[in-house]
Amino acid sequence: RFSHALLKSSYRDITKNQVSTLPATLSTQKSLGELSCASNKFTQITTSTFIRLESLFLLNLINNSIRIIEDNSFAELAMLGLLYLQDNPVTKVAQNAFVFTNRVKKKVQIFLDCSRFEVMPTTQSTTDLHCLSLTSVTSFITSKSAALTLALSGYFCSSISPRSASYNCTQCNVGTKSISHADSISKCVNCPPGGYYQDEPGRNYCKQCVTGTYVSPTTAPGRTAADCHVCPEGTNTNGYAEYRACYCLNNYYRLDRFGACYNCSSDLGKKCQNDIVSVAPGYWWSWEIWNDSTTTKSVGQEEEQQYIYFVKNLTNPGGSYSNFSVNFTETLPKIHQCLLNESCQGRKIGTSARIKSEDMCSIGYEGTLCSQCSDGYYSWFQR
């Protein structure tokens with residue numbers, strides 16, 4: 001963990017702008033104190049890249065495509081105190097890349113991954129080079145403006161104290177990602193079960209499992225690609241799992257978001273689409289199996305409501321589904337064929353309201369198997 005005397009200075013943020021060179025409007029701002037160029041397309045740092053930014057104290061180059069850093073690339077940055085270079089595929093660093101002239105600040109802290117270096121660069125007594133790795137988690141203290149940028153680059157940042165202008169920022173660990181948060185600038189959250197994992201620290205996203213694989217709730221959060229296992233039987237393994245154990249095959253349904261899918265063709269009267277089982281036209285079912293006259297609650301009413309919650313939850317394709325309704329462990333009601341196909345319209349199982357047997361019937365029909373005429377209707381030749 002590292003601390004620094006933080007300067008009150010002007011701050012510019014050009015994060016995620018797809019730039020590969022410093023815009024002309026910034027290169028002449030000699031009073032600029034903090035600059036974030038994270039998540040852009042810088043590939044090489046030369047002596048001219050930041051030469052005129054003589055007041056620069058903090059420079060954030062996290063998550064670019066920097067491979068080469070030339071001699072004296074930062075030599076003229078006399079005020080530089082913090083240089084973030086991690087998450088770059090740096091392979092060649094010139095011997096004097098981190099040599100500084102006319103130092104005003106006592107120390108410059110440099111953070112980067114040194115694992116690909118062909119030769120380690122020269123460092124001065126005024127330079128602290130912190131070599132990171134894909135498994136190390138770093139933590140340091142910085143200003144609020146810098147913390148806002150680091151929060152977008154896979155860091156959890158929060159104020160040191162209620163009145164402090166300094167923020168403590170820590171890389172999110174493997175299996176997690178950073179998101180914005182009301183109580184702090186950001187926080188780290190687990191990669192969700194389904195088709196996601198993260199095997200590197202300090203990321204603001206989760207990696208996607210290869211097609212046909214997923215991370216189970218018992219394994220999540222996924223920390224390596226090996227945590228992604230083949231999706232269960234009855235699922236479409238040609239697509240990404242997303243927030244479930246892959247989607248069901250056509251004409252299959254499931255009773256567990258992270259479980260197997262079942263063939264709809266094996267049971268008459270079922271119609272399946274988008275992981276959900278429906279009652280086909282010409283068929284009827286009901287949860288209402290009444291108890292004795294001492295109770296007003298029907299057997300199956302509670303199970304029905306549980307299934308309605310499950311279906312509503314399952315039809316939510318994103319990650320905001322409820323963890324309390326990811327499966328249905330009870331038995332679905334038995335489906336019966338109606339005496340007249342036209343009397344039963346079928347019904348998708350699971351709506352915002354409780355389903356009654358009458359809801360299964362076509363207009364003019366009601367009762368068990370929709371075999372009775374509604375008020376104002378009469379039977380005509382068995383119809």
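User: Which cysteine is joined to cysteine 338 by a disulfide?
Analyst: Happy to walk through this one. This is a predicted model, in which local features need pLDDT of at least 70, side-chain atom pairs count only at pLDDT 80 or more, and totals for chains, interfaces and linings use all residues. Residues are numbered from 1 along each chain as its sequence is written, and side-chain values use heavy atoms, with hydrogens and water left out. A disulfide here is a pair of cysteine sulfur atoms within 2.5 Å, and at an S to S distance of 1.7 Å the partner of cysteine 338 is cysteine 344.

User: Are cysteine 338 and cysteine 344 buried or exposed?
Analyst: Buried means under 20% relative accessible area, exposed over 50%, and partly exposed in between (1.4 Å probe, protein chains only). By that scale, both cysteine 338 and cysteine 344 are buried.

User: What is the handedness of the disulfide between cysteine 209 and cysteine 228?
Analyst: These two cysteines are linked with an S to S distance of 2.0 Å. The torsion about their S-S bond is about -65°, so the disulfide of cysteine 209 and cysteine 228 is left-handed.

User: How many disulfides does the structure hold?
Analyst: Those discussed above include the link of cysteine 361 and cysteine 370, left-handed with -90° about the S-S bond. For the structure, the number of disulfides is ten.
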